[in-house]
Amino acid sequence: APVSGGPRCSVPCPARPGADTTAIMPAVSKGDGMRGLAVFISDIRNCKSKEAEIKRINKELANIRSKFKGDKALDGYSKKKYVCKLLFIFLLGHDIDFGHMEAVNLLSSNKYTEKQIGYLFISVLVNSNSELIRLINNAIKNDLASRNPTFMCLALHCIANVGSREMGEAFAADIPRILVAGDSMDSVKQSAALCLLRLYKASPDLVPMGEWTARVVHLLNDQHMGVVTAAVSLITCLCKKNPDDFKTCVSLAVSRLSRIVSSASTDLQDYTYYFVPAPWLSVKLLRLLQCYPPPEDAAVKGRLVECLETVLNKAQEPPKSKKVQHSNAKNAILFETISLIIHYDSEPNLLVRACNQLGQFLQHRETNLRYLALESMCTLASSEFSHEAVKTHIDTVINALKTERDVSVRQRAADLLYAMCDRSNAKQIVSEMLRYLETADYAIREEIVLKVAILAEKYAVDYSWYVDTILNLIRIAGDYVSEEVWYRVLQIVTNRDDVQGYAAKTVFEALQAPACHENMVKVGGYILGEFGNLIAGDPRSSPPVQFSLLHSKFHLCSVATRALLLSTYIKFINLFPETKATIQGVLRAGSQLRNADVELQQRAVEYLTLSSVASTDVLATVLEEMPPFPERESSILAKLKRKKGPGAGSALDDGRRDPSSNDINGGMEPTPSTVSTPSPSADLLGLRAAPPPAAPPASAGAGNLLVDVFDGPAAQPSLGPTPEEAFLRFVCKNNGVLFENQLLQIGVKSEFRQNLGRMYLFYGNKTSVQFQNFSPTVVHPGDLQTHILSGPAQPPVDGGAQVQQVLNIECLRDFLTPPLLSVRFRYGGAPQALTLKLPVTINKFFQPTEMAAQDFFQRWKQLSLPQQEAQKIFKANHPMDAEVTKAKVRDRGRVCRPMNFVGAGIIQTKALQVGCLLRLEPNAQAQMYRLTLRTSKEPVSRHLCELLAQQF
Amino acid sequence: MIKAILIFNNHGKPRLSKFYQPYSEDTQQQIIRETFHLVSKRDENVCNFLEGGLLIGGSDNKLIYRHYATLYFVFCVDSSESELGILDLIQVFVETLDKCFENVCELDLIFHVDKVHNILAEMVMGGMVLETNMNEIVTQIDAQNKLEKSETFIFQSPRQDR
């Protein structure tokens with residue numbers, strides 16, 4: 001019986017069991033007879049230990065090296081043999097750092113097998129040595145011009161497999177010509193299409209569109225199915241950037257698909273796979289159609305709908321073969337058809353049929369089909385036509401979550417439950433997910449926790465349920481409840497007074513458990529500190545009881561939690577004056593006042609003093625209840641998106657199908673982050689207890705644990721602008737003062753060209769005392785490399801003196817995080833440390849490009865994918881002076897329109913170049929700007945937009 | 001797009017590795033180990049798809065694999081490929097190997113790495129599928145073998161062959 005995925009297979013097995021256990025020579029040499037190679041491989045396989053193997057390999061490497069270096073010219077056959085040996089050694093995991101030149105020499109052999117092995121070596125062991133690449137490119141050029149189709153194919157393969165920019169530059173213009181030439185052989189056309197596709201993917205700017213595009217579309221009519229297959233892949237990629245240029249492919253694809261779908265299973269002969277006509281091509285055509293909206297032409301659309309119906313009908317027919325390959329191929333087409341139907345999202349009839357079909361698969365005995373059905377249904381759940389139909393399968397999906405043996409399938413089931421959740425079934429789904437959490441695989445627990453937290457918040461009708469759910473999360477999977485989750489429950493409780501009493505009561509009860517998770521202590525401590533008074537009337541939870549309950553956990557907790565609890569205690573003194581004496585006693589204890597941890601010690605000392613010297617009024621003001629938190633995107637949602645990558649979140653933001661979901665939970669408009677100025681008590685609350693050990697002291701205020709919740713910059717002990725402001729000012733300038741306080745001034749001079757930069761840092765000692773052990777170091781977290789050319793000559797920096805440091809900077813690829821400068825020294829015996837962002841931002845590697853307006857807009861259109869664009873609308877930070885603005889834009893590229901600034905340029909990095917287009921539209925009346933960035937690389941658009949928006 | 005094609009045996013020994021995206025040699029070896037670790041611990045009869053390891057791109061990529069006797073065939077692909085389509089492709093690959101090596105076994109892959117690469121090159125190019133028609137692939141390979149034989153016959157001098 002066919003078993004998909006199992007070890008058994010209905011076709012010949014490529015491996016006889018036990019074949020590998022005896023190291024013997026292959027019984028029959030299959031004609032090529034490279035005996036030396038076979039002997040070597042046998043030797044390796046006979047090695048009894050890893051050491052023996054390494055010894056044998058090193059011996060062979062030495063042998064090959066000496067042969068290559070030897071005076072005697074090697075014949076092609078020997079070269080081929082040695083190159084094969086090197087390939088084998090490489091596969092075993094050993095580095096190969098020679099042999100490239102010999103491989104390149106094989107390229108110019110006129111013997112096919114030698115040429116072939118040369119190309120193979122090069123595409124397996126790609127080397128970026130430019131001299132070598134020049135030679136390789138030469139050989140490729142000769143083979144492309146040889147008019148020998150086998151040689152041409154080898155050359156095209158090499159280009160496609162290496163796909164480097166150098167090769168793109170050398171050949172991108174030739175390949176389209178080979179592709180559409182009338183006299184090219186089919187196999188050459190096939191290879192040329194995929195080669196072009198690869199080059200386009202690697203460096204789209206090198207592949208110019210032109211009159212050849214129309215002829216590529218017509219390859220869909222080619223007689224050779226292999227050519228059509230390659231062409232579909234190419235068009236699917238190209239049309240994403242220029243949908244209009246390739247629009248005609250829709251009708252051609254539909255008619256091709258229709259011919260395949262309606263053909264008898266024998267019509268396509270060799271392309272029939274286990275009685276299914278051309279399954280691979282059908283799948284590719286269906287994918288191509290998903291790049292476009294439904295066809296407008298009624299005849300084309302009718303034909304397509306007919307195709308889709310035929311595929312759905314065939315699914316119900318009895319199989320033509322019992323082999324798993326038959327059903328696999330058939331279902332590959334079926335799933336792709338369903339994807340297209342979901343993509344169109346316009347034919348309710350087809351959508352419901354698709355949903356029913358997937359419903360059947362949910363209970364199929366084949367695990368693969370259950371997996372794929374769950375996955376497809378996830379997308380179907382977001383369609384308004386089929387959301388209800390998907391919901392009818394809830395019991396099956398819950399059952400899958402409970403009983404599937406395969407974690408991949410269970411994960412898809414959890415995803416689907418999440419996608420089909422709405423107010424009507426939220427309680428059921430959340431409780432099932434909570435139950436699943438108790439036994440879930442460790443790998444996916446955190447994700448389940450995030451999902452439960454989001455659903456509970458989003459569909460909460462009453463907030464007591466929400467509070468219960470989150471506390472349950474902590475109880476069941478406390479270790480997987482991240483900060484985002486428990487911060488969020490505090491935010492919500494703080495913002496909603498109808499749930500505060502309930503929350504206080506519930507956490508109080510939860511804390512009764514003899515062993516509760518530390519996250520529970522944190523949430524409990526915070527909530528009781530704020531709202532403990534709401535349950536203080538009940539003698540079972542009177543203030544002293546609350547305090548002793550919390551304090552019984554104190555000694556088992558980490559420093560961060562203890563710091564938070566100390567803040568709770570001082571809040572208690574305000575809420576419950578009767579606890580003052582007890583709490584002061586605790587604060588006064590030696591274990592607090594002389595605690596080795598500086599944060600705990602400081603809190604104990606300060607809180608003790610505060611409680612002793614401040615009047616009741618002052619105390620009440622300082623320790624007032626927290627003000628509501630400003631609302632913005634749930635930090636949990638943001639975290640889930642980060643975890644699952646872009647796009648994963650879209651299934652969650654389902655404004656479309658449940659518009660009412662905003663009224664309770666999303667009711668608060670997002671406010672720009674600048675509005676939130678936390679009251680001074682924010683800091684007292686102690687959530688910000690201990691800065692993470694990695695955070696450098698000087699910037700501890702800026703990048704801290706709770707940015708997401710509190711978003712408040714702490715006071716900076718520096719003069720003038722904060723380091724963050726200073727950093728932003730450097731986005732558009734290269735020279736100036738980066739940092740200054742009473743002791744030290746740091747000045748910067750920098751210049752950038754292409755992907756290289758040089759930066760001079762000047763450290764000025766403003767005091768009259770020597771700095772000892774002065775050590776500035778640079779760390780680069782991202783893809784930026786810096787070399788310190790010269791450091792300060794002598795470690796001590798005399799009073800009033802200035803020392804200089806020079807950095808060489810190389811941008812390897814696009815990066816988001818700037819390098820950090822960390823300066824440490826001793827001043828009057830006291831250690832000083834500060835960490836600053838060095839003003840190296842991606843825009844520094846910008847090279848402006850001259851461009852006519854017409855070209856600009858054409859390229860603008862080409863970069864039209866949503867993820868290529870980033871946009872921001874913001875209030876002008878500076879007076880709207882056209883000339884100044886123009887200068888700023890010009891820094892980033894060429895300006896060509898007066899009222900509407902545009903710029904173009906290329907970001908130069910070592911690995912790649914990123915083309916960037918910028919558009920800035922001022923609105924003088926509103927004093928607002930709209931800034932739009934389009935680049936060929938998604939994170940770059942967003943990052944640049946963020947950076948530049950602060951500049952105008 | 002296909003990011004990588006890996007074949008390793010039940011003990012994790014690589015028998016073929018082909019990467020269609022540039023990775024350093026170290027990373028390639030790590031990816032092979034990580035993938036083996038992920039795939040080999042799975043039961044029989046579970047599904048043939050799983051999320052890729054972190055090195056190869058995590059949840060943006062899928063591993064699609066089949067296990068035949070002593071060998072795992074693993075394709076690492078992005079979301080633009082059809083899962084079942086890739087399963088079919090693995091099958092075509094294996095059947096083609098079987099035809100070219102006449103009842104293929106693991107030893108054939110060990111002693112003829114170059115040939116396996118050549119067969120694969122007839123099917124997949126730069127991470128995209130070039131040809132799925134088995135007869136066409138076998139015809140190409142046969143033609144190569146003939147060329148090779150004629151060239152070997154003329155040029156090989158077996159005495160000094162070590």
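1. In this predicted model, A:Val902 stands opposite A:Arg919 of β14(A), a pairing that belongs to the antiparallel arrangement of strand β13 (residues 901-908) of chain A and strand β14 (residues 913-923) of chain A, which is built over 8 bridges. The two strands, β13(A) and β14(A), form a hairpin, and 4 residues lie between them.

2. On to the next strand: β14(A) is also joined by 8 bridges to strand β15 (residues 928-935) of chain A, and these two run antiparallel. Within this pairing, A:Leu920 has A:Leu931 of β15(A) as its bridge partner. The hairpin of β14(A) and β15(A) has 4 residues between the strands, and in it A:Gln927 takes a positive phi near 55°, a detail that can be looked up directly in the coordinates above.

3. A separate strand pair involves strand β5 (residues 756-765) of chain A, which is joined to β8(A) by 9 bridges in the antiparallel sense; here A:Met759 is partnered by A:Leu807 of β8(A). Strand β8 (residues 802-811) of chain A is itself mostly covered, with 7 of its 10 residues buried.

4. Among the buried residues of α25(A) are A:Trp486, A:Tyr487, A:Leu490 and A:Ile492, together with A:Glu484, A:Arg488 and A:Gln491.

Notes: Residues numbered from 1 in each chain as written. Chains lettered and ligands numbered in written order. Predicted model: local features only at pLDDT ≥ 70, side-chain atom pairs only at ≥ 80, totals over all residues. Heavy atoms only, no water. Buried < 20%, exposed > 50% of the residue type's maximum accessible area, 1.4 Å probe, protein only. Pairing = 2+ DSSP bridges.
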